[in-house]
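Welcome! Take a moment to look over the chain before reading on, and keep the view open so that you can follow each stop of this short tour.

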Amino acid sequence: MAEVDLEQLMNCALCPNMCRSECPALQAGSREAVAPAGKARLAAMAQNAQLEWSESLLEAVANCLGCRGCTIHCPFPELNLCDELLFSRIGAKPAGALPAWEPYLNNLRKYGSPYGKRQEEFRGAKRGGKVLFYAGCTALANNPASVEAYCHLFKQAGVDFQMIEEDCCGYPAETWGDLELAKKLASENRAKIEHSGAELLVTGCPECWQTFTERYPDWGLQLPLEIVDGSSYLLGLLAEKKLKPGRGGLTGPVTIHDPCILARTAGVISELREIVLAVPGLELVEADPGKEKTRCCGGGRMFQLSFPRTAEAVARKRLEEMPPAIPILTACPFCREGLKTGEGKVYELVEIIAEACPGDNCK
Ligand code: SF4
Ligand code: SF4
């Protein structure tokens, strides 16, 4: 596991919260203890044995949605506060898990999914394809239509794809403090992925993409194939004319909510816009802030399960920043789930492309 960088944590602990306007946990909760530098101070004091881990200390330090919004104004380019907070509480064995997290950890142990549901078979997904589509437990449990949409588009584009019986990527288990369980799930996934013989892994969920590309190497588990996020892969199929969208059911103005991970970690920003503009009849209205300055939907770090009231408050704040009364398109199952908190329509981009590509290679 990555070690805490105490020097970076102390830099943050001594900062006057230059990023306070960007921290959704602080903005939603209005508690100084969950301000970025507030959390850093608490984590640093626990690290220095000046404070003992307790339930309230763990709750405060875990009040980070992993959105990396604090990096926008941070004067320390090497600091990744959300990782430092995660490493500091996981490294502190006595911290353990909050009682509210236990049912989800038990689901992970029993079913391989925090939602306690088993994956269904998806039409068209066979064994042995060169492209392995990994949908992720949140899409499988909450929006199987998006998984169907990916499968439909892969078939339309003639992609030789497969799916495996997925275990959760492991990120929720790490988030809830059980690193051993996270590594166990990751090992099981790696064995299945290796056995699949696939050459390319396409992820439907940005959290899974980040876990495979950042956390697995940190856990000593390098996956033996190229990894690409689903939006970039879909854009490739559009660019190669393997998908040719016609006018779909959704037309007129739409806006994009950029998922934090895609915008700030993967750098996938223009791709979402190119996908929207590939569908005839859609007009793009930008959200403010958007692109690399996007704000969290409330779904980061499993908050919809861990801290549902905070997740809802964060989602409502984000919805106030979206252009009113037009559909919101996003590219993450957590974002879709969070932004559904409002009254408006929210879709994953893949669903819109699938609707615009009904059959026979679209059109
Ligand atoms: S994350 Fe950066 S800007 Fe925010 S409080 Fe810490 S040091 Fe300051
Ligand atoms: S990663 Fe997001 S939630 Fe966490 S401290 Fe930074 S701004 Fe706040």
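**A guided look at the model**

Helix 3 passes helix 5 in a left-handed crossing. Keep in mind that what you see is a predicted model. The chain is divided into domain 1 (6-95), domain 2 (131-238) and domain 3 (244-356).

- Helix 3 covers residues 36-47 and helix 5 covers residues 81-91, and the two pack at an angle of about 35 degrees. Their axes are 10 Å apart.
- Which residues of helix 3 and helix 5 meet? On the side of helix 3 you can find Pro36, Lys39, Ala40, Ala43, Ala46 and Gln47. Helix 5 answers with Leu81, Glu84, Leu85 and Ser88.
- Sorted by class, the residues of this contact between helix 3 and helix 5 are 6 nonpolar, 2 polar and 2 charged.

**Around the two ligands**

- Ligand 1 is surrounded by 15 residues, and the closest are Cys12, Cys15, Met18, Cys19 and Cys74.
- Which helix gives the largest share of the shell around ligand 1? That is helix 3, with 3 residues. Helix 1 (6-13) and helix 3 each supply at least two residues of this shell.
- The shell around ligand 1 has 12 nonpolar and 3 polar residues, and no charged ones.
- Ligand 2 has 14 residues around it, of which Cys23, Cys64, Cys67, Gly69 and Cys70 come nearest. Helix 2 (24-29) and helix 5 are the elements that give two or more residues to the shell around ligand 2.
- By class, the shell around ligand 2 holds 10 nonpolar, 2 polar and 2 charged residues.

- Strand 1 (residues 131-134) pairs with strand 3 in the parallel sense over 4 bridges. If you look for Val131, its bridge partner in strand 3 is Leu200.
- Strand 3 (residues 200-203) is joined to strand 4 by 4 bridges, and these two strands run parallel. Here Val202 stands opposite Val228 in strand 4, and Thr203 has Asp229 as its bridge partner in strand 4.

- Another open sheet of 4 strands has the order 6-5-7-8, with parallel pairing. Its edge strands are strand 6 (282-284) and strand 8 (346-348), each of which pairs on one side only.
- How many degrees are neighbouring strands of this sheet turned against each other on average? The value is 40 degrees, with direction ignored.
- Strand 5 (residues 252-256) and strand 6 pair in the parallel sense over 3 bridges. Within this pair, Val254 stands opposite Leu284 in strand 6.

**Where domain 1 meets domain 3**

- The centres of domain 1 and domain 3, taken over C-alpha atoms, are separated by 27 Å. Each of these two domains gives 13 residues to the contact.
- The side of domain 1 that touches domain 3 has 7 nonpolar, 5 polar and 1 charged residues.

- Most residues other than glycine have a negative phi, and most peptide bonds are trans.
- Asp288 and Pro289 are joined by a cis peptide bond, with omega about 0 degrees. Pro289 sits in the loop between strand 6 and helix 15 (303-306).
- Is phi of Arg301 positive or negative? It is positive, near 50 degrees, in a residue other than glycine. Arg301 lies in the loop between strand 6 and helix 15.

Notes:
Residues are numbered from 1 along each chain as its sequence is written. Chains are lettered from A and ligands numbered from 1 in the order in which they are written. This is a predicted model: local features need pLDDT of at least 70, side-chain atom pairs count only at pLDDT 80 or more; totals for chains, interfaces and linings use all residues. Axes are lines fitted to C-alpha atoms, for helices over the stretch in contact, and angles run from 0 to 180 degrees between N-to-C directions. A crossing is left-handed if the near helix is turned anticlockwise from the far one by less than a right angle, and right-handed if clockwise. Two residues are in contact if their C-beta atoms, placed from the backbone, lie within 7 Å. Ala, Val, Leu, Ile, Met, Phe, Trp, Tyr, Cys and Pro count as nonpolar, Asp, Glu, Lys and Arg as charged, and the others, Gly among them, as polar. A residue is near a molecule or strand if its C-beta atom, placed from the backbone, lies within 6 Å of it. Two strands pair if DSSP finds at least two bridges between them. Domain bounds come from an automatic or database domain assignment.
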